[in-house]
Amino acid sequence: MLAPRALRSWLCALSCWWLHTGTASRLKTPALPIQSEREPLPSKGLAGCSFGGRFYSLEDTWHPDLGEPFGVMHCVQCHCEPQKSRRGKVSGKVNCRNIKQNCPNLECDDSVLLPGHCCRTCPKDSNDKKQTDSMLDSFEYFHEKGKEDDLHKSYNDRSYLSSEDTGFVESRTDFVALLTGVTDSWLPSSSGVARVRFSLTRTTLTFSVTYQRIGRPSKIAILDSDGTPAFEYKVPKGQADMICGVWKNLAKSVLRQLQSEQMRISMTTSTGRREEVEGKIIKHRALFAETFSSILTSEEENAGMGGIAMLTLSDSENNLHFILILQGLIRHKDKEPVLVPIRVQLMYRQHVLREIRANITSNDPDFAEVLTDLNSRELFWLSRGQLEMAVATEGQDPRQISGFITGRKSCDAIQSVMSSGDALIPGKTGGVGSAIFNLHDNGTLDYQ
């Protein structure tokens with residue numbers, strides 16, 4: 001056994017030889033104690049697909065990005081297909097296919113390929129094709145695999161996802177509900193309008209509630225197909241204009257009703273005059289791409305009507321795509337549906353910037369359209385929450401609802417993990433940090 005002094009001398013000699021051989025060059029890049037994640041990692045136990053360093057939930061579709069110099073392959077569509085093992089465990093499998101064969105045959109000889117699109121178009125139809133392709137890129141969310149007809153399904157068709165296709169897999173499904181005043185009650189109806197966004201992951205349902213023209217609710221109830229409360233949430237007191245909640249361990253019967261759009265949600269106030277707003281919980285393909293939103297309310301008292309707008313800017317052009325969900329604006333008692341003329345206006349300080357006139361059916365008052373080529377001023381006002389959207393019926397007894405367009409609100413946190421290795425000029429200090437951001441309606445960003 002070596003004596004302590006001899007041991008120290010031997011270790012010193014060994015370390016000097018190690019440094020001399022150049023092995024110590026490895027010490028020049030010490031491992032950071034915390035490294036930021038290049039891409040968000042999936043939750044533990046969550047089934048899905050990994051592709052190109054990204055994680056995709058089951059049933060997700062995407063165009064693969066091969067990086068420079070190839071970029072996004074717009075003519076290739078990948079799909080995360082659920083696979084079941086013999087033991088019943090669900091996993092994901094990536095399946096990519098070329099969708100160029102679905103492009104229509106053109107009659108022109110001078111067709112052009114627009115940026116960000118797969119199919120060539122005729123110049124004379126470029127405006128219409130831009131709108132169609134951009135809508136498909138932004139709003140289409142192909143959940144039903146293997147069905148060629150679904151590639152051309154209307155993005156305004158809410159039946160894009162059925163409970164039979166999903167079962168109880170571990171994918172995430174988004175829902176939305178528009179809540180307006182109850183009109184079939186002996187109590188005066190409310191002018192309040194609320195919008196609830198739901199996210200279902202496995203058996204946990206999280207929800208974010210925003211509301212206008214109504215006091216802070218005291219209770220939220222989710223009703224089953226029989227109108228019986230399946231879940232009640234007592235709203236904590238506070239001044240915030242958003243309510244965040246979670247419902248855990250949903251029963252299979254509740255999941256089935258939720259997926260088949262048989263459930264409703266109601267909110268009631270207890271302070272002052274008791275008010276109640278209620279609406280149906282639905283799936284909508286526009287939720288996938290929504291980046292801006294608006295709650296549309298009426299200036300009338302006891303109006304019992306309202307709407308929500310879901311909006312997104314296209315990737316390649318300054319086109320603003322939007323879908324309206326309206327409730328109570330059209331009052332039609334006949335059994336047969338009728339066409340109702342409406343006027344949609346984009347306004348800045350009561351000045352009309354854009355106007356669209358169209359007809360919608362009385363039994364399905366959803367409406368989708370595109371506002372093309374927004375200029376720099378309109379984009380600036382949009383980012384500052386200063387643009388207003390107004391929807392009005394025309395003819396006898398005209399009715400109108402309106403609201404300001406703001407960034408989409410939810411209870412999700414915007415967070416960033418920082419490290420010196422990810423700086424513009426990468427460092428090797430080992431410094432790490434975290435930032436949390438809060439985006440306000442006027443475009444300002446708070447961070448901690």
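This is a predicted model: local features need pLDDT of at least 70, side-chain atom pairs count only at pLDDT 80 or more; totals for chains, interfaces and linings use all residues.
Accessible area here comes from the Shrake-Rupley method with a 1.4 Å probe. The chain has 448 residues, and 43% of them count as buried.

**The overall picture**

- If you count up the secondary structure, you get five helices and 25 strands in the protein chain.
- Take the contacts between residues at least 6 apart in sequence: 55% of these join residues at least 24 apart.
- Helix α4 covers residues 252-259, and its buried residues are Val-254, Leu-255, Gln-257, Leu-258 and Gln-259.
- After α4 comes Glu-261, which has a positive phi, near 60°.

**Disulfides**

- There are six disulfides in the structure.
- Number the bonded cysteines in sequence order and the pairing reads 1-4, 2-8, 3-5, 6-9, 7-10, 11-12.
- One of the six links Cys-78 to Cys-96, with 2.0 Å from S to S. This pair connects distant parts of the chain: Cys-78 sits in strand β4 (residues 76-84) and Cys-96 in strand β5 (residues 90-98), 18 residues apart.
- The torsion about the S-S bond of Cys-78 and Cys-96 is about 105°, so this disulfide is right-handed.
- Cys-103 and Cys-119 are both buried.
- Cys-244 and Cys-411 make a disulfide too, with their sulfur atoms 1.9 Å apart. It is left-handed, with -95° about the S-S bond.
- Cys-244 belongs to strand β11 (residues 242-247) and Cys-411 to the loop between β22 (406-407) and β23 (414-419), so this pair ties together parts that are 167 residues apart in sequence.

**Salt bridges**

- Side chains of opposite charge can pair when their charged atoms come close.
- A search of the whole structure turns up 15 salt bridges.
- In one of them, the side chains of Asp-174 and Arg-197 meet at 3.5 Å, N to O. Asp-174 is in strand β6 (residues 172-181) and Arg-197 is in strand β7 (residues 193-201), so the pair ties together parts that are 23 residues apart in sequence.
- Asp-174 is buried, with a relative accessible area of 17%, and Arg-197 is buried too, at 9%.
- Glu-301 and Arg-213 form a salt bridge as well, at 3.6 Å from N to O. Glu-301 is in the loop between β14 (292-296) and β15 (306-313), and Arg-213 is in the loop between β8 (204-212) and β9 (219-223), so this bridge ties together parts that are 88 residues apart in sequence.
- Glu-301 is exposed, at 60% relative accessibility, whereas Arg-213 is partly exposed, at 32%.
- Glu-394 pairs with Arg-357, and their closest N and O atoms are 2.1 Å apart. Glu-394 lies in the loop between β20 (387-393) and β21 (400-404), with Arg-357 in strand β18 (residues 351-361), so the two tie together parts that are 37 residues apart in sequence.
- Here Glu-394 is partly exposed, at 23% relative accessibility, and Arg-357 is exposed, with 52%.

**A nonpolar patch on the surface**

- Ile-414, Leu-439 and Leu-445 make up a nonpolar surface patch, and together they have about 270 Å² of accessible area.
- Leu-439 is part of strand β24 (residues 432-439).
- With a relative accessible area of 47%, Leu-439 counts as partly exposed.

Terms used:
Residues are numbered from 1 along each chain as its sequence is written. Side-chain values use heavy atoms; hydrogens and water are left out. Patches are made of residues with over 30% relative accessible area and no salt bridge: like charges are joined within 9 Å, nonpolar side chains (Val, Leu, Ile, Met, Phe, Trp, Tyr) within 5 Å. A salt bridge is a side-chain nitrogen of Lys or Arg within 4 Å of a carboxyl oxygen of Asp or Glu. Helices (H or I, at least four residues) and strands (E, at least two) are DSSP runs, numbered from the N terminus. Buried means under 20% relative accessible area, exposed over 50%, partly exposed in between (1.4 Å probe, protein chains only). A disulfide is a pair of cysteine sulfur atoms within 2.5 Å. Contact means heavy atoms within 4.5 Å.
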